[in-house]
Amino acid sequence: MNNINNSNNITPRGQQAPSLRGRAGGEAQYLSLYRECRELIARHSSEVMNALRDEAYGHLEQAGFPTKRVEEYKYTDVEALFAPDYGVNINRLDIPVNPYDAFKCDVPNMSTSLYFVVNDTFYNRALPKATLPKGVILGSLKELSAQYPELVARHYGQLARTEDDAITALNTMLAQDGLLLYVPKGVVVEKPIQLVNILRADVNFMVNRRVLVIIEDNAQARLLACDHTTDEVDFLATQVIEVFVGRGASFELYELEESTPRTTRLSNLYVQQEVDSRVHINDITLVGGVTRNTTRVALAGRGAHIDLCGMAIADKQQHVDNHTFIDHAVSDCTSHELYKYVLDDEATGAFAGKVLVREGAQHTDSQQTNRNLCLTRQARMYTQPQLEIYADDVKCSHGATVGQLNEDALFYMQQRGISFVEARQLLMRAFVGEVIDGVGLEALRDRLHHLVEKRFRGELGKCGDCTVCK
Amino acid sequence: MEQPQDNNLNARTDNQYVRSLTEEKYKYGFTTEVDTEVIPVGLSEEVVRIISAKKGEPEWLLDFRLKAYRYWLTLEMPQWAHLRIPEIDYQAISYYADPTKKKEGPKSLDEIDPEVMKTFDKLGIPLEERLALSGGMAVDAVMDSVSVKTTFKETLLEKGIIFCSISEAVREYPDLVKQYLGSVVNYRDNYFAALNSAVFSDGSFVYIPKGTRCPMELSTYFRINAANTGQFERTLIVADDDSYVSYLEGCTAPMRDENQLHAAIVEIVVMDRAEVKYSTVQNWYPGDAEGKGGVYNFVTKRGHCRGVDSKLSWTQVETGSAITWKYPSCVLSGDNSQGEFYSVAVTNNYQQADTGTKMIHLGRNTKSTIISKGISAGKSENSYRGLVKVGEKADGARNYSQCDSLLLGSHCGAHTFPYMDIKNETAVVEHEATTSKISEDQLFYCNQRGIKTEDAIGLIVNGYAKEVINKLPMEFAVEAQKLLSVSLEGSVG
C-alpha cells in the first residue's frame, strides 16, 4: 500500500508489516492506511462523505474481505484482488492528464454532454459547452456535497449500507470524490449525459470512485458511463453508485467497460425506485481483467419497472462476475432481467441473479434470463438464477442455458459459401444482439453493434473519427 | 347488497376447506406398544462402540464408525440451506432402539413380536409372503434401529439377488459390503453423513448380480416408533453389469410433540449397462398445524453411475417431515450414463423443505434430466436447490432442468436455487423455472362445469404433479396421489 506524497514520488508507507496481509485478513493494510491517514483523507474530501468513514471502518474491520466461502463472492476471490500493493492518491495530487488525449471516444455521432472522471476526481477543466436544463446539478461529488450538504447527506450512503458489503465499506471509508447528478422534479434532460471514467497512473494504482444519482419525481435522465484505462499498470477500481429514482421518474444507465486485462473493477450499484418509476440498466463488459458487478435494485413503490440487462464478451483470462438482486418489496412491480455471456479462451463467467418477492408483493411479474456461450474447452461458466418468493399471486420465471453455437446453423451458412469464421461471428453477434437491441439510444446501439463486431474480430474498439478526438 | 354477502359466504366456505384440510389427520400417527430395548441417551465414542457391539460387527466396521465419529466432532451444523432449524441436542437422543428384543428372556431371532407384525399390517405392509399379491414386492421392514423382517429373501437368492438388512449383509457378505460401503458417500461428505456413518443402524443391502433383472420390486419400509430416538438408516444398492432393479422406499412415524431426527444415507452403485430406479414416498410425521413436532429429515442420497450406458433414476414424493434436507444425486462417470430426478415436494402448515439434486457429469455423452415440482401451502417454505456440474472431460454432456413452483396461499414461500458449473464447451445445459398460483381461469373453467373449487384444485394439482407421479411404480403412484390430496389442498388459491 503506497500513498502518493507531495513530491509526486511513490513511496511505500514504510513499516507496513507484510504479515498484515494474506489470508488472515487482507483488509488489515487498508484499515491501517485509514488509521494513519484519517486526517489527510478527510481534509481532501467533504464533511458529508467524512461523516460515514468511521462507521465504514468499523464494519470493514468486523466483517473483513469476503473469502471464497462466502456465497456472494464464491466465484471472485476478493481477498486475492486486494492483496497486492497499490498506490492510493490520498493527497489528491493532480495527475497530469488531458482526457481528450487519453480518451478516444467510442460513441461518435452521439450528441452527449460529455464529462470526465479521472481516477476518482471529477475533471472540471473542460466542461462541455452544452448546458444542462435549469436546476440540474452535475459535478464533483466532493465540491457539490460541500455546496448542498443537506441534499447529499439525505442520500449519500443510504442505499449502500456499509454493514452489508465489505467492498462498499472500503469504498465509503476511502472514497474522496466522484460524481453527483441531481435532476429536480419534473425536469427532463433530453441529451444523454456521457461520463468517461479514465484510469491513469504510472504505478500500480487503486481508485475508489463514488457516484450519486438523484432523479426526483417525474424527472428523466440518461447516463452513459464508459470505463477506460490508459496505462499499462495494474489498476484496482472500486465503485459505488447509488441511484434514487423518484415517483414517475425515468432513468437509463449504460455502463460500458473497455479497460485492460490488468484492470480490476469492483462495482456496486444500488438502485431504489419509487411509485411508477422506470429504470433501464445495461451493463456491458467488453475488455477488462477481473470484473465484478453487483447490482441491487429495490422496487419500493408500486408500479415500478426495471429492465436489467447485461452482456459480457470475455477472452484470454478475463473474469466477469455479475451479481444481481431485485427486491420486489411492494405489489404490482415488474422486472425483466437478461444477461448474456460469450466466453472464449480461458475466460470465466459467473452470474448470480436473485429475485426476492416479499410477502404481500402480489401481482409481481418477474422474468430472468441468463444465456451463455462457451467457445472453448477452457472457458468456464457458473450460473445461479435464483427465486425467493413469498407471495402467491405472482408470475415469476427464470431460465439459464449454457451451450455452443448451433452446428446446423453453421453448416447451413458454410454450405452457402459463408466461411466458418464469418458464420461463427454472425451467430455470436446475433446472440448478443438481443441485449444491445434493448439500448434506447440509437447512436449507442449502432456503436455497440460495431464495437461488438470488432471485439469478436479481436480488435480493440478504438475509433478515430468522432468530434472529441479531432 | 347481495354481492358482498356472496363474497362473505365464499370466503367462509373457503376457510372451512382450509381448516378441514389442514386439520386432516395424519393416519399413520399411532404408536405401537412394544417392548423396546433402548440404549441410554447421548452420543460418545462409547455409544458408537455399543451400537457396533450390539450388531456384532467386525473390527473394520467399528474403525469406520469411529473415524466418522471423530470427524463429525470437528464439524459444525451446516447453515447454508434455506431452513430454520432449531438447535438439535445430539446428547438428548438415543441412538439405538430395538423393538425385536424383549427385555426378559432370550428369544429366537425369527420370532417377531405380534405387536410389531400388527403395526406393519396396519401400515399396509404385508410381512407374510403368502399375503402378498403374486409377483408383488419384497419388503425389508425396519422399525427404529432394527430390520424386523425381509420377505422373499430366499426366492430372490435363487436368482443370486441379495436382499437383506445391512447388518445381516455385514455378517454374511462382508467382502461386498466392505468394497462398496462409503464408496459413494464418504463419511467426510457432510455433517449428517459423518453422523450417520458413526451411528448408522439398519437399512437394506441389495446386490443384483451380472445380467440379472430383478423379478419383483424391492422395497424398504422405515418406521420410527420409539420416542426420543433418532433413526439412522443406511442403504446400499449395487447393480452389477447388465442388471436392473426397481427399489421403493416408504416411511412413517408416530405423532409426537417433540421433534425426531432421521439422518439416512443411501448409496447406489450402477455398473456397465445396469439400471436402477429408486422411488421414495416420504411421509414422516410433518408436525401439527401449529408446527409442533414432526420429523427432521436430513438425508444424503447419492448414486454413482460407474459403468458405461448405466442409468439411475430418482423419483421422490415428499409430503411429510417438519424439515426436509435432501438432495438425491447422480455422479455420472461412466460414458453415456444417464441420471434422472423427478420430484414432487409438498409443504403445508409450518413445514420446511430444501430439496433438489446434484447431477455431476464426468463421463462423455452423459445425460441428465431434472423435473422438480414444488407445492407450498399454509405457512410453509419450499425450496429447490440443485447443482448441474459438467467436468472438463464430459464432452457432449446434456442437461435439462425444469423446476416449477405452485403457491397456494399468500403466507408461504417458494424458492429456487439452481447452480450450474460448466467446464466443458460441448455441454448443453438448460434450466427453466416458473412460479405461479393456480390460475383463476382454470378454476373458473372447472367451476363453470360444476366442479367444486376444492375438487378443481385437486384436479389441477394432480395434473401439475402428474409428470412425476407417472414415473412411480403403480402401487406407489396410487398412494402418492392420495397423499397429495391429503397434504395438498390446504388452501384455496
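How many cavities of 30 Å³ or more does the structure hold? The answer is 7. Two quick notes on the source. This is a predicted model: local features need pLDDT of at least 70, side-chain atom pairs count only at pLDDT 80 or more, and totals for chains, interfaces and linings use all residues. Residues are numbered from 1 along each chain as its sequence is written, chains are lettered from A and ligands numbered from 1 in the order written, and side-chain values use heavy atoms, without hydrogens and water.

Now, the terms. On a 1 Å grid over the protein atoms alone, a cavity is a set of points where a 1.4 Å probe fits but cannot get out. A pocket is an open set with protein on both sides within 12 Å along at least five of seven lines. Lining residues have an atom within 4 Å of a point. A volume is the space filled by probe spheres set on the points, which are joined across faces, edges and corners.

The largest cavity has about 90 Å³ of space. It is lined by 16 residues, and the closest to its centre are Ser372(B), Gly374(B), Asn382(B), Ser383(B) and Tyr384(B). S19(B) gives the most to this lining, with 4 residues. Strands here are DSSP runs of E, at least two residues, and helices are runs of H or I, at least four, numbered from the N terminus.

Next, the second largest cavity, at about 70 Å³. Its lining has 13 residues, and Val88(A), Asn89(A), Arg92(A), Asp120(A) and Met206(A) lie nearest its centre. Strand S9 of chain A, residues 205-215, supplies the largest share, 4 residues.

On to the largest pocket. About 1600 Å³ of space lies there. Of its 48 lining residues, the closest to the centre are Glu71(A), Lys74(A), Trp80(B), Arg385(B) and Tyr419(B).

Let's turn to S16(A). Is this strand largely enclosed or open? Largely enclosed by the rest of the structure, because 9 of its 10 residues are buried. Buried means under 20% relative accessible area, exposed over 50%, partly exposed in between, with a 1.4 Å probe and protein chains only. S14(A) and S16(A) pair in the parallel sense over 8 bridges. S16(A) and S18(A) also run parallel, joined by 10 bridges. Strands pair if DSSP finds at least two bridges between them.

Last, chain B. It has 11 helices and 23 strands. Buried residues make up 62% of its 493 residues.
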